[in-house]
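Hi,

Here is the structure I promised to pass on.

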Amino acid sequence: MSHKNKSIEVVVGVMRNDNNEIFITRRQIDQFMSGYWELPGGKVENKESHSIAIMRELYEETGVTVKNHHLIQTIEHQYPQKTINLSVFSIEKYDGAPLGNEGQEFCWCDIDKLKDYKLLPTMWKIIHRICLPKSYWITPDEHESDLVINQCKQHLRDGIKIIQLRSKSTLNNTYIEKIFTLCQLNQAKLILNTPNKSFKEACDGWHLTSNELMEIKERPFDEKKLFGASVHNLNEAKHAEDISADYISLSPINETLSHPNTGVLGWENASDIINQCKTPIFLLGGMNKKLMDRALSIGAQGIAGIRGL
């Protein structure tokens, strides 16, 4: 009997140690996708809840007893032989020291060093998700002066972990590389949002405008780089999700100085869109630090902006 298109329910757990390293294991030679590194977990058994499955799998595979956990992400990934419906749990508290109870290799790894491992395809979407901060800063358009460079330095000193370099005109590669270096020195990520993207620029990922987004039918670059997109309604948000965007910026929630005559979505509409999407959503448009709790309360990943952060 053919096993093509067979759907399998799988659970995995994100366990961290005191150094904020992630516990990963290597698939054994007799397993599907042998040699690849992954998060610990396994198949959901018949009539078993996903919550029970992750506790059982982690105990069997690593020897730990899960005390507190919650679902943070669901992913559908199609292999030629099967479709994996993956539920990702954050393991907030556990007893014991995880080991390779089934003879598998294991290690604790800094998130930034995971790129050095041969990872399962689904791992990158998980890594991007667990690394997303609650806010990111968008550069203003004054790229002909030192203003943006100086503001980048200040926001990085203040702890911003993602900078979206946004420009309506093409930027010099040397200028982009200068900001990219600043981000690297501060363990932050640079996301590029400029016209005529080659997807070869020096950065950690790219952000598409809503027009650029709606013109494409598949993810425009591989999973190792962050893929963000601007959306203004549910249709655009679902399209971004369908082509595997790692995050979405939904706007405008409130009126903004940059777009004073643009109709706003409002908080209720934003909440409705968030509830119908699985992809992390940042709220944009009139955002400031005082609105963070409100954004989080309706299920947003956080907020983004030029002035309010």
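Predicted model: local features only at pLDDT ≥ 70, side-chain atom pairs only at ≥ 80, totals over all residues.

Residues are numbered from 1 along each chain as its sequence is written, and side-chain values use heavy atoms, with hydrogens and water left out.

**Rings**

Back to the rings: a search of the whole structure turns up 11 aromatic pairs. Rings of Phe, Tyr and Trp (its six-membered ring) pair if their centres lie within 6.5 Å; planes under 30 degrees apart count as stacked, over 60 as edge-to-face and the rest as tilted. F32 pairs with Y79, and because the ring centres are 5.1 Å apart with the planes at 90°, this is an edge-to-face pair. F32 sits in the loop between β2 (22–26) and β3 (37–38), and Y79 in the loop between β5 (65–78) and β6 (82–95), so the pair ties together parts that are 47 residues apart in sequence. Helices (H or I, at least four residues) and strands (E, at least two) are DSSP runs, numbered from the N terminus. Y79 counts as buried, at 13% relative accessibility.

K118 lies over the face of Y36, at 4.5 Å from the ring centre. Elsewhere, ring pairs link F199, W206, F221 and F227 into a cluster.

**Cores and a buried helix**

Which residues touch the most other members of the largest nonpolar core? They are I179, L190, L250 and L283, in a core of 49 residues. Helix α4 (residues 173–185) gives the most to this core, with six residues. A second, separate core has 25 residues, including I24, Y79, L114 and L120. For the record, a nonpolar core is a set of buried Ala, Val, Leu, Ile, Met, Phe, Trp, Tyr and Cys residues joined through side-chain atoms within 4.5 Å.

Helix α2 (residues 121–131) is worth a look as well: eight of its 11 residues are buried, so it is largely enclosed by the rest of the structure. Among the buried ones are W124, H128 and R129. Their cover includes β1 (6–14), β2, β3, β5, β6 and β12 (226–231), with contact meaning heavy atoms within 4.5 Å.

**Salt bridges**

I get 11 salt bridges, each being a side-chain nitrogen of Lys or Arg within 4 Å of a carboxyl oxygen of Asp or Glu. E105 and R26 form one of them, with the closest N and O atoms 3.2 Å apart. E105 lies in the loop between β6 and β7 (106–109) and R26 in strand β2, so the pair ties together parts that are 79 residues apart in sequence. E105 is partly exposed at 44%, and R26 is partly exposed at 31%.

D95 and K67 form another, at 3.7 Å between the closest N and O atoms. This pair links strand β6 to strand β5, 28 residues apart. Shared partners also join E45, E48, R56, E57 and E60 into one network of salt bridges. Within that group, E57 and R56 meet at 3.1 Å, N to O, and both are buried.

**Cysteines and backbone**

There are zero disulfides (pairs of cysteine sulfur atoms within 2.5 Å). C107 has its nearest cysteine sulfur, that of C109, 5.5 Å away. The sulfur of C203 is 10 Å from the closest one, in C183, too far for a bond; C203 is buried, at 1%.

On the backbone, a cis peptide bond joins S251 and P252, with omega about -10°. P252 is in the loop between β13 (247–250) and α7 (266–275). M33, which is not a glycine, has a positive phi of about 60° and lies in the loop between β2 and β3. S244 also has a positive phi, near 70°, and is found in the loop between α6 (234–242) and β13.

Cheers

Note on methods:
Buried < 20%, exposed > 50% of the residue type's maximum accessible area, 1.4 Å probe, protein only. Lys NZ or Arg CZ within 6 Å of the ring centre and 35° of its normal.
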